[in-house]
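Q: Please take a close look at the surroundings of the ligand, and then go on to the packing of helices. I would like the cut-offs spelled out along the way.

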Amino acid sequence: MGFWPLTGCQTVPDDSTWQRFEYVNPKMGTKFRLKFYAPNQVTAERVARLAYNRVEKLNAIFSDYSPSSELNHLCAKPHGKPIPVSSDLFNIIQQSQQLARETGGAFDITAGPSVRLWRQSRKHVQMPTADSLAAATKRVGFQKIRLNPRKRTVTLMSAGMQLDLGGIAKGYAVDEAMRILKQNGIRRAFVAASGDMLTSGPPIGSEGWRVEIRAVDEFGNIYPRTIHLKHQALSTSGDTEQFVEVNGQRYSHIIDPRTGIGLTNRIAVTVAAASSTVADSRATAISVLGVNKGMDYANSEKLQVLILTMGNKKHRLLKSPHWKLW
Ligand code: AMP
Ligand code: MG
């Protein structure tokens, strides 16, 4: 057990003798990982449980799969009426709406009806009919949400709206899990939910947490590039294992809200940012914007963005001017 020297007016623990602990738990439909340094196993387990409890609570609010989630309760309420919601739900919707405005609706949490159609397509390996597509896209549009921050209410302006937080909720949960770790004295940690990760201080004796990113060599081939991450979030969206292929065309689980159809551009977007909520949501948004508009957006927001475009043979990697990880 280390001692706690005083530096200025702040107490900083000497954690040089702390041990590393790793946990994996199925949460939010994915493997939710925690790696961190703690003084002993009892502390590590207590803190890990607190972090997972927080994620569990957020899932009960944000899930669009669970009929009893706060999100689905909100969507089931009559339209046109202001509904009071929890601060977590209000917060995440408010941040989503800001991003929707910034990206001209490329990021849109009202795309739920289209996302649900896409899930059906994936199940039956069949494209939705033109009628069902039209019916779904009619219920989509971020302008159909009204927020009242003072009263913390959400009004869904049209009938049949379905919100989907899949493009931002994991990032939010990762941020919250890290906040719980910090609150409990854990300063060297790695938190990840599939493509969304966040790091605080580096592992003892290392410059950062080892992470592999798909990069492209001079011949246009993809290779795994190792980077070391600390005090930063990193999210990747886009061309993953989540797609459906119909008649030789590959459709991603990310939807273009204007057409209601899954993206067909083969790109993967990685965003590095201070918060996982920002990295997660921007990675999804830039996937929809595509290479040119996505890079313009990255520039205007000074975002660290990496776009991998996949051609038939040759792949390309584009970095935004603010990309600093190599
Ligand atoms: P991610 O893996 O973070 O890129 O998020 C993908 C998920 O975001 C999908 O599975 C949907 O739940 C949701 N989604 C799909 N299209 C959009 C969109 N255009 N805007 C916001 N969320 C979306
Ligand atoms: Mg995302």
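**Ligand surroundings and helix packing**

A: A backbone N or O atom of alanine 106 lies 3.0 Å from a nitrogen atom of ligand 1, a polar contact being a pair of N or O atoms within 3.5 Å. This is a predicted model, in which local features need pLDDT of at least 70 and side-chain atom pairs count only at pLDDT 80 or more, while totals for chains, interfaces and linings use all residues. Residues are numbered from 1 along each chain as its sequence is written, chains are lettered from A and ligands numbered from 1 in the order in which they are written, and side-chain values use heavy atoms, with hydrogens and water left out.

An oxygen atom of ligand 1 lies 2.7 Å from a polar side-chain atom of aspartate 164, and an N or O atom in the side chain of histidine 253 is 3.0 Å from an oxygen atom of the ligand. In total, 15 residues surround ligand 1 (a heavy atom within 4 Å), and the closest are Asp108, Asp164, Ser237, Ile255 and Thr284.

Turning to the helices (DSSP runs of H or I, at least four residues), the axes of α4 (residues 112–124) and α5 (residues 130–138) come within 7 Å and cross at roughly 150°, on a scale from 0 to 180 degrees between N-to-C directions of lines fitted to C-alpha atoms over the stretch in contact. That makes α4 roughly antiparallel to α5, the term for angles over 145 degrees. Pro113, Ser114 and Leu117 of α4 meet Ser132, Leu133, Ala136 and Thr137 of α5, with heavy atoms within 4.5 Å counted as contact.

Key
Polar contact = N/O pair within 3.5 Å; in protein donor to acceptor, adjacent residues only side chain to side chain. Helix = DSSP H or I, 4+ residues; strand = E, 2+ residues; numbered from the N terminus. Parallel < 35°, antiparallel > 145°, perpendicular 65-115°, else oblique.
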